[in-house]
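Have the sequence and the 3D view open as you read.

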Amino acid sequence: MKLLLLLLSRLVAGTKNRGAKSTGFQKSEDALCFALEMHLRGVVFDAVTYTTVLAFCLDHEGFLFGLQLHSLIVKFGLDNEVFVGNALITMYSRWWHLGEARRVFDEMQNKDLVSWNAMLSGYTQEGNYGLEAIRAFIEMVRQGIRLDHVSFTSAISACGHEGNLGVGKQIHGLSLKMGYGNHVSVANVLMSTYSKCDVASDAKLVFDRMHDRNVISWTTMISLSEEDAVSLFCQMRLDGVYPNEVTFIGLLHAISIKKFVKEGRTIHGFCIKTNFVSELNVCNSLVTMYAKFESMQESKKVFEELNYKEIISWNALISGYAQNGLPQVAFHTFFLAIKESKPNQYTFGSVLSAIGAAEDISLKHGQRCHSHIIKYGLDTDPIVCAALLDMYAKRGSISESQRVFDETSERREIAWTAIISAYARHGDYESVMIWFKKMENEGIRPDSITFLSILTGCGRKGMVDMGRQLFDSMVKDYQIEASPEHYSCMVDMLGRAGRLEEAEELVSQIPGGPVLSVLQSLLGACRIHGNVEMGERVANVLLEMEPKESGSYVLMSNLYAEKGDWEKVAKIRKGMREKGVKKEVGFSWVDVDIDGLHGFSSGDQSHPKSKEIFRMAECLGSEMKYLREKKREGQINGNVILYRTEILENLNMGD
């Protein structure tokens, strides 16, 4: 019997020293079977045996075995043994039974540092017990427990989860006082916590003061410093630290955000050389990176070279196509994806975004996606509901948008913003304001996109003063920094109302200078209100920014034409020809039940039924003219229907 105990302890000792898979029991079930055999042979377990066996309760069956061991521990009075109690706390914490872990902890008559650290680690690892972890750490300090790097790591990590910067800084100060401030594990968690609390500068100070840096230290810093990510990666290599999978994910993300094309290709080559392209998550990041570079051929090439494609890989490709203005390809890729993988909320978010933005995809395909969403049980997901709502609104079906919103059980900020955006897109100012008030009453905080939609609604209704008030409230009350899109919306609003001087003054206040859309909006307002002098100033700036953009030439040409200055109109048209600038033809789409979508432009006769279409257009024109005349005379009544029927019969168009 003693031999069995000796063998078990030696096997476990070997496992702890060299890793569970290098020596001793290769699988936890083997260790548990061995312990069960000991018990069946009548071997009485002591504190060391229980501690050893509890360490192997790693899977679900092992946890159930551990519960039975706990009963035996209590039965034989070994629950007061510190080592046994620590093992029980660790086991319960690993399986997220923190209530049981805490009960074991509270019932222990003697606790050592390991006991406290086990409880702290359990709270921190679960993620939702940050406050309990902080309280436990404070109690350790009050009781004079000597802290170590594990204590500080757990407590600081809890502050990061809770976003409690104040307590985090105090614990940081205490760690420095006790000589653990530069410990690599403590410093790494400090950097992560400062990052989560949006204090990247303090994270950098921690990094700069570290004596020893491991791969986690460098990876954290690379993820924090998008501008210097490549430089940091090079320094890391010179420091002799080898990157891991997470390093490349953070590095490629930073490169994608900053669109460092040359550096991105170099890192891709490094990944191939070091065989990191065999890591699925790294390849997914490469797919996303090339999509950000607007190089979908390269993105697809990386995707096709994957040995195994999971839904995240498909999502990266679908999203890339959608973002690069290739909705048809995104839609086609979506249906390839669902044949091989189970889609998630991000899959539908990307494809619905593509359908909403596309003029050449029928709404029927959006409804088809809606059916798949219901099939997969994702119709209650907040992300999917918001994407559905937005898609229907962009495709002109505001009633469907409202229905999706009404059926959404969990209305987060994204859903409220989507319904407000939907009504703003349809020019319904009253509904925009009603839903905005409801959003505020529900305690949902609006974001920059919400305000952009509200300002759009104000602009289309001509509610300039209200728009100005909301713009100021966004900046002052909600501390949301105005983006170029917000300024563009305000300039358009002021311009529509003829307040051109105010609009021009606002343009001059834009941080970093105005973008193309802002100036085009102001130029359009100058055309509407006939302000040639301001229009010329704005046009000159626009032509310097984008000399090949036809919109600026056309707007200025129309402005001169409305003023009767045909000489300048001819001069602008001549300048367009000389510079090779061509006016883009306006295109529209009609969704036909049988033939699907058909695109057409002004005067287009390519459709096989163009004669019938023109006759119907003539019919509708005559009807509108008749209604306009009758409206003026105040004579609209039921005879209008008879008149419409008569016209249709005369044209042989049916009813």
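Start with helix α11 (residues 184-196) and helix α12 (residues 200-209), which pack at an angle of about 165° with their axes 8 Å apart. Helices here (H or I, at least four residues) and strands (E, at least two) are DSSP runs, numbered from the N terminus. Axes are lines fitted to C-alpha atoms, for helices over the stretch in contact, and the angles run from 0 to 180 degrees between N-to-C directions. That angle makes α11 roughly antiparallel to α12; the cut-offs are under 35 degrees for roughly parallel, over 145 for roughly antiparallel, 65 to 115 for roughly perpendicular, and oblique for the rest. The crossing of the two is left-handed, meaning that the near helix is turned anticlockwise from the far one by less than a right angle, with clockwise giving right-handed.

Before going further, a word on where this comes from. The model is predicted, so to speak of a local feature takes pLDDT of at least 70, and side-chain atom pairs count only at pLDDT 80 or more, while totals for chains, interfaces and linings use all residues. Residues are numbered from 1 along each chain as its sequence is written, and side-chain values use heavy atoms, with hydrogens and water left out.

Which residues make the contact between α11 and α12? From α11 come A187, L190, M191 and Y194, and from α12 come A200, D202, A203, V206 and F207; contact means heavy atoms within 4.5 Å. By class, that is eight nonpolar, no polar and one charged residues. For the classes, Ala, Val, Leu, Ile, Met, Phe, Trp, Tyr, Cys and Pro count as nonpolar, Asp, Glu, Lys and Arg as charged, and the others, Gly among them, as polar.

The loop between α10 (165-177) and α11 holds N182. N182 is partly exposed, with a relative accessible area of 31%; buried means under 20%, exposed over 50%, and partly exposed in between (1.4 Å probe, protein chains only). N182 and M210 sit 28 residues apart in sequence, but their C-alpha atoms are 5.4 Å apart in space. Not counting residues up to four places away in sequence, N182 touches R209, M210 and H211.

Now move along to another helix pair. The axes of helix α17 (residues 280-292) and helix α19 (residues 311-323) come within 9 Å and cross at roughly 5°. That makes α17 roughly parallel to α19. On the α17 side the contact is made by L280, N284, V287, T288, A291 and K292, and on the α19 side by I312, S313, A316, L317, G320 and Q323. By class, this contact has six nonpolar, five polar and one charged residues.

Is S285 buried or exposed? S285 is buried, at a relative accessible area of 15%, and S285 touches I249 and L252 once residues up to four places away in sequence are set aside. H268, in helix α16 (residues 261-273), is also worth a click. H268 is buried at 12% relative accessible area, and beyond its neighbours within four places in sequence it is in contact with V277, L286, Y290 and V302.

Next, look at the loops around here. K259 lies in the loop between α15 (245-258) and α16, and at 46% relative accessibility K259 counts as partly exposed. The C-alpha atoms of K259 and M289, 30 residues apart along the chain, are separated by 8.2 Å. Leaving aside neighbours within four places in sequence, K259 is in contact with K292, F293 and E294.

E294 lies in the loop between α17 and α18 (296-304) and is exposed, with a relative accessible area of 59%. Q479 is another non-glycine residue with a positive phi, near 50°. Q479 is found in the loop between α28 (464-476) and α29 (484-496) and is exposed at 58%.

Finally, zoom out. The chain has 36 helices and two strands, and buried residues make up 44% of its 655 residues. Among contacts between residues at least 6 apart in sequence, 59% join residues at least 24 apart. The structure holds zero disulfides, a disulfide being a pair of cysteine sulfur atoms within 2.5 Å.
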